[in-house]
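Please consult the briefing below alongside the sequence and the 3D structure.

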Amino acid sequence: MSISTHNPEDNEAAGISEALRRDARRIGEAPFDMALQRETMARVRALKDAGRARFRFGFAPALAAASVAVVAAALFISFPFKPVTHREAALVAEVVPLREVAPRASVWFYERALAEGDAAFSAALDRDAQTLLPATAKLPEGLL
Amino acid sequence: MSAPQTEEESQLIALSREGDVAAFSRLMQEHQSRLLAQALAFCGDPHQARDLTQETMVAAWKGLSRFDGSCRFFTWLYAILLRQHRKTLGWFSRRLPLATLEQQAAAQRHESAAAHEPAMGEEEEAALLRAMVTALPAKHREVVRLRFYAEAGEAEIASALGISAGTVKSRLHHALEKLRQMKEKVNRLRDSRH
């Protein structure tokens with residue numbers, strides 16, 4: 001005697017599957033709706049145009065923002081981190097004596113003067129002698 | 001099972017992705033009739049079905065970049081249709097009250113008794129079956145519709161819904177089991193009539 005392992009529930013489940021397939025076949029296709037197609041495509045076109053406009057108008061603020069950022073960065077880099085205050089400037093003025101700086105004698109200066117002639121060379125020597133050894137200065141001892 | 005993606009369809013999809021509205025329109029022309037018929041089967045109301053189909057096509061345009069070709073284009077569209085339908089149902093999308101099914105059965109019992117017909121007609125059986133599918137929890141309803149009404153394979157359903165093939169198999173099994181139990185209940189109600 002053979003024992004049947006057949007489950008009646010399996011049959012019912014298969015029956016449900018078959019009924020679903022039958023129903024799907026019954027649904028089939030609806031007649032093509034031209035008005036629906038036209039309305040849908042109008043919405044799609046509007047969406048596309050809106051997207052394009054958003055891109056166009058969205059680009060200008062982005063450019064402006066980028067420009068502002070560049071200018072701000074340039075200012076930040078060039079700006080002194082610790083600006084000199086008026087008080088600090090005054091202190092510097094007190095400490096550092098301001099005096100007239102005489103033109104410095106240089107080889108180039110003497111060569112130029114020599115090229116101009118003896119008179120110019122003597123004038124150059126005199127000018128430096130006046131700065132280095134003014135008439136009011138004491139002569140160093142033991143020099144004479 | 002409906003035909004696999006053709007070369008022409010692949011080209012239309014590629015063009016649509018690049019923003020070609022004419023190509024998208026052509027693509028939708030191919031699927032509109034079937035989508036509309038399915039939407040009508042879901043809601044029963046032609047106006048609602050039309051709105052649902054339109055929302056599906058617009059959502060498809062918006063999300064076209066997400067279509068990766070791992071399932072047929074119609075399966076992907078169908079999954080969008082299901083989501084849109086769920087959105088329309090709102091709170092009821094999770095599960096329609098089982099009372100709906102019982103009311104349906106009671107109404108049919110009454111009609112049958114009035115007409116003195118011993119058995120239900122094919123149309124009535126179909127209406128009852130759809131009511132049973134509608135009474136399923138949303139996650140079960142989706143796999144049943146994709147499997148039997150969109151004729152999608154398990155792997156395709158998994159791809160369209162973003163779940164694993166194992167989950168599809170399990171949901172399908174539970175859904176069919178629930179449908180079987182509902183059918184049993186309806187049969188008991190019918191028997192009690194006699």
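Chain B contains 9 helices and 0 strands, where helices (H or I, at least four residues) and strands (E, at least two) are DSSP runs numbered from the N terminus. This is a predicted model, in which local features need pLDDT of at least 70 and side-chain atom pairs count only at pLDDT 80 or more, while totals for chains, interfaces and linings use all residues. Residues are numbered from 1 along each chain as its sequence is written, and chains are lettered from A and ligands numbered from 1 in the order in which they are written.

**Chain B overall**

- From the N terminus on, the order of elements in chain B is α-α-α-α-α-α-α-α-α.
- Of the 194 residues in chain B, 39% are buried (20 or more other C-beta atoms within 10 Å of the residue's own, with C-beta atoms placed from the backbone).
- Among contacts in chain B with a separation of 6 or more, 64% join residues 24 or more positions apart; a contact requires C-beta atoms, placed from the backbone, within 7 Å.

**Helix α6 of chain B**

- Helix α6(B), residues 122-134, has 13 residues and reaches 18 Å from its first C-alpha to its last, close to the 18 Å expected (1.5 Å times one less than the number of residues).
- The buried residues in α6(B) include B:L128, B:L129, B:A131, B:M132 and B:V133.

**Contact between chains A and B**

- Chain A gives 28 residues to the contact and chain B gives 31 residues.
- On the side of chain A that touches chain B, the elements giving two or more residues are α1 (8-27) and α2 (34-78) of chain A.
- The largest share of that side, 12 residues, comes from α1(A).
- The residues of that side of chain A comprise 13 nonpolar, 4 polar and 11 charged (Ala, Val, Leu, Ile, Met, Phe, Trp, Tyr, Cys and Pro count as nonpolar, Asp, Glu, Lys and Arg as charged, and the others, Gly among them, as polar).

Note on methods
A residue is buried if 20 or more other C-beta atoms lie within 10 Å of its own, exposed if 12 or fewer, and partly exposed in between; C-beta atoms are placed from the backbone. Two residues are in contact if their C-beta atoms, placed from the backbone, lie within 7 Å.
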